[in-house]
Structure formats: C-alpha cells, structure tokens
Amino acid sequence: LHKSYSFEKGLSENYEVLEFLGDSVINLIVSEILINKFPQKGEGELSHIRAFLVSEPSLAKLARKIELGKFILL
C-alpha cells in the first residue's frame with residue numbers, strides 16, 4: 001500500500017520500505033541483463049542505459065502498456 005492510500009483509508013501500514021527494496025531489485029535485474037547483453041560496454045555507458053530504462057517515464061510507459069494500473073491501489 002502506498003502511503004497516500006494508507007492515509008486516505010485510515011490504515012496504519014504502508015510498504016515504502018518494500019518499495020525501496022523493489023527499486024533495488026529492479027536495478028539489479030536490469031543491470032544483470034545489460035551486462036549480459038552488452039559485455040563490451042563499460043560501467044558508465046551501462047549506467048546511462050540503466051538509468052534511462054528504470055526512469056519514471058520509461059517505467060510509466062511500460063506500466064501503461066501492460067495495464068498495471070488495474071492492480072495498483074492509489
């Protein structure tokens with residue numbers, strides 16, 4: 001549950017710590033894929049590609065494409 005949803009519904013718990021962990025997991029997975037897909041690229045270039053892929057606009061576009069909004073409580 002997002003903090004705003006929890007507050008709106010009068011719930012005491014939220015999952016911001018899990019959101020933080022999830023962000024780290026996404027970065028790890030994308031990093032591994034990029035390293036395997038582009039072994040010739042250096043750390044700086046891989047970091048730029050990863051930053052683009054896990055950016056809010058890129059993830060928002062993907063979320064719309066797979067209709068993730070149907071499953072998120074806001």
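**Serine 31 and its setting**

The protein chain has four helices and zero strands, where helices (H or I, at least four residues) and strands (E, at least two) are DSSP runs numbered from the N terminus. This is a predicted model: local features need pLDDT of at least 70, side-chain atom pairs count only at pLDDT 80 or more, and totals for chains, interfaces and linings use all residues. Residues are numbered from 1 along each chain as its sequence is written, and side-chain values use heavy atoms, with hydrogens and water left out.

Reader: Where does serine 31 lie?
Author: Serine 31 belongs to helix H2, which covers residues 16–37.

Reader: Why is serine 31 called buried?
Author: Its relative accessible area is 16%. Buried means under 20%, exposed over 50%, and partly exposed in between (1.4 Å probe, protein chains only). Serine 31 is therefore buried. Of the 74 residues of the protein chain, 11% count as buried.

Reader: What does the side chain of serine 31 reach?
Author: The backbone oxygen of asparagine 27, at 2.7 Å.

Reader: How far apart are serine 31 and isoleucine 49?
Author: In sequence, 18 residues; in space, 9.3 Å from C-alpha to C-alpha.

Reader: What makes lysine 41 a charge over the ring of phenylalanine 38?
Author: The charged end of lysine 41 is 5.4 Å from the ring centre.

Technical notes. A polar contact is a pair of N or O atoms within 3.5 Å; within protein, one must be able to donate a hydrogen and the other to accept it, and residues adjacent in sequence count only if both atoms are side-chain atoms. A charge sits over a ring if NZ of Lys or CZ of Arg is within 6 Å of the ring centre and within 35 degrees of the ring normal.
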